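Student: Could we go through this chain together, setting each label against the rule behind it?

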Amino acid sequence: MTTIQIDQPIEQGSDAWFLMRLGKISGSRIADLLSEGRGGKESLLKKKYRNELIRERLTGKRIPTYKTALMNRGIELEPLARSAYEHKFKTMVDQIAFVDHPLISMTGASPDGL
């Protein structure tokens, strides 16, 4: 397991953020593991993701992923959405890079804010 020194907040999408998630099942990909193939067989999506996780864990190197135009739009609009939420509910949203699941090892999620 790789350990990183945290001197400042970690931004989602940064190298440090990818290192925190390396080889872990993430909230954004859990649907891949829950997908089912035809006739009760393992889905190709599940098999592919499982192999990615194994490769990351064995090599210590991340597998680059593709971002769709809609994903990029969401990333661009996230600060505005967070600001609108803070204004509407008169609260501050804390940004956090990654939260490890407290009971299931090698799993976690990157919330947009808490």
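**Labels and their cut-offs**

Tutor: Read from the N terminus, the elements of the chain follow the order α-β-α-α-α-β-β, where helices (H or I, at least four residues) and strands (E, at least two) are DSSP runs numbered from the N terminus. This is a predicted model, in which local features need pLDDT of at least 70 and side-chain atom pairs count only at pLDDT 80 or more, while totals for chains, interfaces and linings use all residues. Residues are numbered from 1 along each chain as its sequence is written, and side-chain values use heavy atoms, with hydrogens and water left out.

Student: What makes the contact between Asp32 and Arg29 a salt bridge?

Tutor: The term requires a side-chain nitrogen of Lys or Arg within 4 Å of a carboxyl oxygen of Asp or Glu. The closest N and O atoms of Asp32 and Arg29 are 2.6 Å apart, so the pair qualifies. Arg29 and Asp32 are also linked with Glu52 in a network of salt bridges, and a search of the whole structure finds five salt bridges.

Student: How do you know which class Glu42 belongs to?

Tutor: Its relative accessibility is 35%, so Glu42 counts as partly exposed. Glu42 meets Arg50 in a salt bridge, with 2.2 Å from N to O, and Arg50, at 34%, likewise counts as partly exposed.

Student: What separates Arg82 and Glu78 in helix α4?

Tutor: Because they are four residues apart in helix α4, Arg82 and Glu78 are separated by about one helical turn. Their side chains meet in a salt bridge at 3.1 Å, N to O, and Arg82 is buried because its relative accessibility is 13%.

Student: What makes the phi of Lys90 worth noting?

Tutor: Most residues other than glycine have a negative phi. Lys90 is not a glycine, yet has a positive phi of about 50°; Lys90 lies in the loop between α4 (69-89) and β2 (99-100), and counts as exposed because its relative accessibility is 72%. Met106 also has a positive phi, of about 60°, although it is not a glycine, and its place is the loop between β2 and β3 (107-109). At 23% relative accessibility, Met106 therefore counts as partly exposed.

Student: Why is the group of Ile96, Val99 and Leu114 called a nonpolar patch?

Tutor: A patch is made of residues with over 30% relative accessible area and no salt bridge, like charges being joined within 9 Å and nonpolar side chains (Val, Leu, Ile, Met, Phe, Trp, Tyr) within 5 Å. Ile96, Val99 and Leu114 form such a patch on the surface, with about 240 Å² of accessible area together, an area that comes from the Shrake-Rupley method with a 1.4 Å probe, where for residues only the protein chains shown count as cover. Leu114, in the segment after β3, has a relative accessible area of 58% and is therefore exposed.

Terms used. Buried < 20%, exposed > 50% of the residue type's maximum accessible area, 1.4 Å probe, protein only.
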